[in-house]
Amino acid sequence: MTTVGQINLFNPILNNIDRTETKRYAGMGRSIHFPEAIVSEACSIVMLEKHIKTVWTLYEYDCTLGCISGDYKIVSKGLLKHLSGSKQVILMAATVGDSVEIASKKYFEQGEYALGLLIDAAATAAVEQAANALCAMLTAQFINQGITLTARFSPGYGDWSLEEQEKVAPLAHIKAIGVNLTNAKMLIPRKSITAVVGLQTVGGKDSKTGCGQCTQKDCIMRRIK
C-alpha cells in the first residue's frame, strides 16, 4: 500500500533511445536527407552517459478547490480540467544526470555541431522515456486497485506557467534524485523534468496527452498538425 506523502524512488532501465523523438526534439523530424549515422551515434553516446533517476510522491487532491496536499492551489485552467475527477495525484520528477550535457557541450566546442545538437535532443528523448517508464510502472501498480492514471502534465504545458516550478519542485522532491532549481526556475541538471498525474477510477474520463493538450498550435515540436 502506498503511503500519502512518502518519497518513492524508481530507476528505470532504458534499452534504447527513441530515434524518431530524438530527431523531433532536434527540430529535424521532416528532414529527408538527415544522416542517420549521426543520429545513431548521438543515441549511443546518451546511452553510455545517462544516469537515470526518478522519484514520485502520492498526495491527496481536492478537485473542488484545486488544492494539492491542502496547500498548493492550482492556477492553471488546463490542469484543473486535466485532473477533474481525481481525488489523489502523484507529483514526480525524472533526470538523466549532467554527463549527457557535458558530452553535448564537448562536441559543440569541437565544432561537431550536428552531433552536439543531437546528443542534446537524445537526452531530452531519454528523460521523457524515463518519465514514461515511471508512469508505466505506476499504472501497473495502481490498476490492481481499480485506479488508472491520467497523462503527465508538466509546468510549461498549456497555461500552467513554468513559474509554478518553484512550488512544484519541492512537492516532487527533486533533491532526492540530485536535481536543483535555479533562481530562473530552471531544473539542474538541465535534462530533468517534473510532472503531475491524476489518479482516477478505471473507466473514468479520457484525457488528451502531450501535444494534444497543448494550446501552442504553432510549436515546431508539435506532433499533432
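The model is predicted, and local features need pLDDT of at least 70, side-chain atom pairs count only at pLDDT 80 or more, and totals for chains, interfaces and linings use all residues. Residues are numbered from 1 along each chain as its sequence is written, and side-chain values use heavy atoms, with hydrogens and water left out.

The protein chain has six helices and nine strands, where helices (H or I, at least four residues) and strands (E, at least two) are DSSP runs numbered from the N terminus. Of its 225 residues, 48% count as buried, a term that stands for under 20% relative accessible area, while exposed stands for over 50% and partly exposed for values in between (1.4 Å probe, protein chains only). The chain exposes about 11,500 Å², of which carbon and sulfur atoms supply 55%; accessible areas come from the Shrake-Rupley method with a 1.4 Å probe, and for residues only the protein chains shown count as cover. Among contacts (heavy atoms within 4.5 Å) with a separation of 6 or more, 76% are made by residues 24 or more positions apart.

Strand E9 (residues 192–201) is largely enclosed by the rest of the structure, because nine of its ten residues are buried. Two strands pair if DSSP finds at least two bridges between them. Strand E5 (residues 88–95) is joined to E9 by eight bridges, and these two strands run antiparallel; here Ala 93 stands opposite Thr 194. Strand E6 (residues 147–149) also runs antiparallel to E9, with three bridges between them, and Ile 147 stands opposite Thr 201.

Thr 194, which is found in strand E9, counts as buried at 2% relative accessibility. Leaving aside neighbours within four places in sequence, the residues in contact with Thr 194 include Met 92, Ala 93, Val 168 and Leu 187. The side chains of Thr 194 and Gln 165 are joined by a polar contact of 2.5 Å, that is, a pair of N or O atoms within 3.5 Å, of which, within protein, one must be able to donate a hydrogen and the other to accept it, and residues adjacent in sequence count only if both atoms are side-chain atoms.

Glu 36 is found in helix H2 (residues 36–49) and is partly exposed, with a relative accessible area of 33%. Apart from neighbours within four places in sequence, Glu 36 is in contact with Arg 19 and Lys 23. Glu 36 and Lys 23 lie 13 residues apart in sequence and 9.6 Å apart in space, C-alpha to C-alpha, and their side chains make a polar contact of 2.9 Å.
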